[in-house]
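Please read it with the sequence and the structure open.

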Amino acid sequence: MPNTVLMGAQWGDEGKGKIIDVLASDVDIVARFQGGNNAGHTVKIGDEKYVLHLIPSGILREDQCCVIGNGLVVNPIALLDEIAEVEKSGKSVKGRLFVSDRAHIVFPYHGAIDAAREARLSDGEKIGTTKRGIGPCYGDKVSRVGLRAGDLVDDEFPTLLKSRLDEANRVLVALGGEAIDEAALLEEYTAAAEKMKEYVADTVTMLNSAISKGESILFEGAQGTMLDIDFGSYPFVTSSNATSGGACTGSGVAPHRIDQVVGVIKAYTTRVGEGPFPTELFDEDGQEMGRVGSEFGATTGRPRRCGWFDAVVGRYSAMVNGVDFWAMTKLDVLDGFETLKICVAYECDGKRYDNMPASTRVLEKCTPIYEEMPGWMSRTDNVTAYDDLPEKAKAYVQRLCELTNTKLGILSVGPKRASTLRIAL
Ligand code: GDP
Ligand code: IMO
Ligand code: MG
């Protein structure tokens, strides 16, 4: 397979983990390029369910190498737990999992600052973060006071951490939190550093050498376009570039070495956390989507907000990411809906918006302009070829592609590997 970026086109949880696992059989390396353990990527293999937060979803294949790129923020305690979890299921990560020495390290003060900031915000201002310390860790990176995986495994680490903790604790206490105990923190993190040594590597050189040798890389995005720090519904976003451009800056691989972009998009829309969501449903249809689609956060367990497909989001995502084709997921969740609505544009203060407005204040006031299509009212989860789908289901999928100016390459009709239909492009 050519070097491929796979990213989320909506507000995350599009089913990226499932599609990565399917495509991973055709590549040599799967590399995450941004985010941290705020992500929750679910892979179902037979009766087993795996939820990966930091480890790339290629780890469940046998031979693929997995890289945690420089663009991530890594909580080593969480990573070591996740490694233990994967190994408990009989899959070995030894010699095939690498963490960039340039990736930033998440410390407990990041999580505590994240929680303290959220606690101080009023309703309507809260972001609804995962409280994993993602924003404060990226903040330290940009402020040039962060510590990286290369620092963690360096002999100087205790000194570096001590000097960093002083300022972090002052911030934490000023925000109403409790200072972190230095001795306990050092003990926990120096023990983790020892265990991390075998994974920390120069992944920038590793990835580029692999491409030069003719190996192929699948870049695994986390979150989604509408949660991207630049292109999402700011400030209700995460703190990294979840769009395809992030694959270059978050891995050290240059743009011309990337061959294609696959956008993962749900056949409807969900969002977890706060922030504007024009097609959100508050009625029985929304509850039905949540129930049939098991829409609960894979990281925090929070119920996801559900709504109709938003073609403004889809069109915008296709443009910003340069999507070559969609991997559309969860069509089966819509099997029992008599009528389906699709948002084709927004209206705000008498003005029509065909394109995504930058202002969250505008987006909050936008109401969807819908068109309706008849549902197919029959099961699709047992369909194994695109041509065998009900005609009305094909018409719905084709309309979504038409409205978002993007071809369909993969259609997913269930959580397992077998429920994946490939469409000849
Ligand atoms: P990610 O964060 O993008 O990897 O997505 P999550 O794993 O957080 O959420 C997607 C959920 O939908 C998971 O529970 C998947 O097992 C499930 N899933 C993925 N594709 C399909 C599909 O086509 N149909 C159904 N019913 N479930 C799916
Ligand atoms: P995957 O990779 C869905 C949301 C949080 C919150 C906002 C900021 O599984 O698709 P953060 O903790 O990142 O500072 O929270 O972003 N969020 C996600 N929503 N899927 C995710 O990841 C998410 N990661 C963060 O709910 O609204
Ligand atoms: Mg998820």
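For the counts by class used below, Ala, Val, Leu, Ile, Met, Phe, Trp, Tyr, Cys and Pro are taken as nonpolar, Asp, Glu, Lys and Arg as charged, and the others, Gly among them, as polar. By that scheme, the shell around ligand 2 holds seven nonpolar, 10 polar and three charged residues. The model is predicted, and the space that ligand 2 takes up in it is the largest pocket.

**Surroundings of ligand 2**

- Ligand 2 is surrounded by 20 residues, of which Asp 13, Lys 16, His 41, Thr 130 and Thr 238 are the closest.
- Gln 223 takes part through its backbone, where a polar atom is 2.8 Å from an oxygen atom of ligand 2, whereas Arg 302 uses its side chain, with a polar atom lying 2.9 Å from an oxygen atom of ligand 2.
- Ligand 2 exposes 550 Å² when it is taken alone, and 98% of that area is buried by the protein.

**The largest pocket**

- The largest pocket, whose space ligand 2 takes, has a volume of about 730 Å³.
- Its lining is made up of 38 residues, and those closest to the centre of the pocket are Ile 127, Thr 129, Thr 130, Val 237 and Thr 238.
- By class, the lining of the largest pocket comprises 14 nonpolar, 15 polar and nine charged residues.

**The second largest pocket**

- The second largest pocket contains about 580 Å³ of space.
- It is lined by 28 residues, and Thr 42, Lys 44, Gly 293, Lys 330 and Pro 415 are the closest of these to its centre.
- Helix 1 (16-23), strand 3 (41-45) and strand 4 (48-52) are the elements that contribute two or more residues to this lining, and strand 3 contributes the most, with four residues.
- The lining of the second largest pocket divides by class into eight nonpolar, 11 polar and nine charged residues.

Conventions:
Residues numbered from 1 in each chain as written. Chains lettered and ligands numbered in written order. Predicted model: local features only at pLDDT ≥ 70, side-chain atom pairs only at ≥ 80, totals over all residues. Heavy atoms only, no water. Near = heavy atom within 4 Å. Polar contact = N/O pair within 3.5 Å; in protein donor to acceptor, adjacent residues only side chain to side chain. Areas by Shrake-Rupley, 256 points an atom, 1.4 Å probe, with all protein chains shown as cover. 1 Å grid on protein atoms, 1.4 Å probe; cavity = no way out; pocket = protein on both sides within 12 Å on 5 of 7 lines; lining within 4 Å. Sits in = over half its atoms within 2 Å of the grid points. Points joined across faces, edges and corners; volume = space filled by probe spheres on them.
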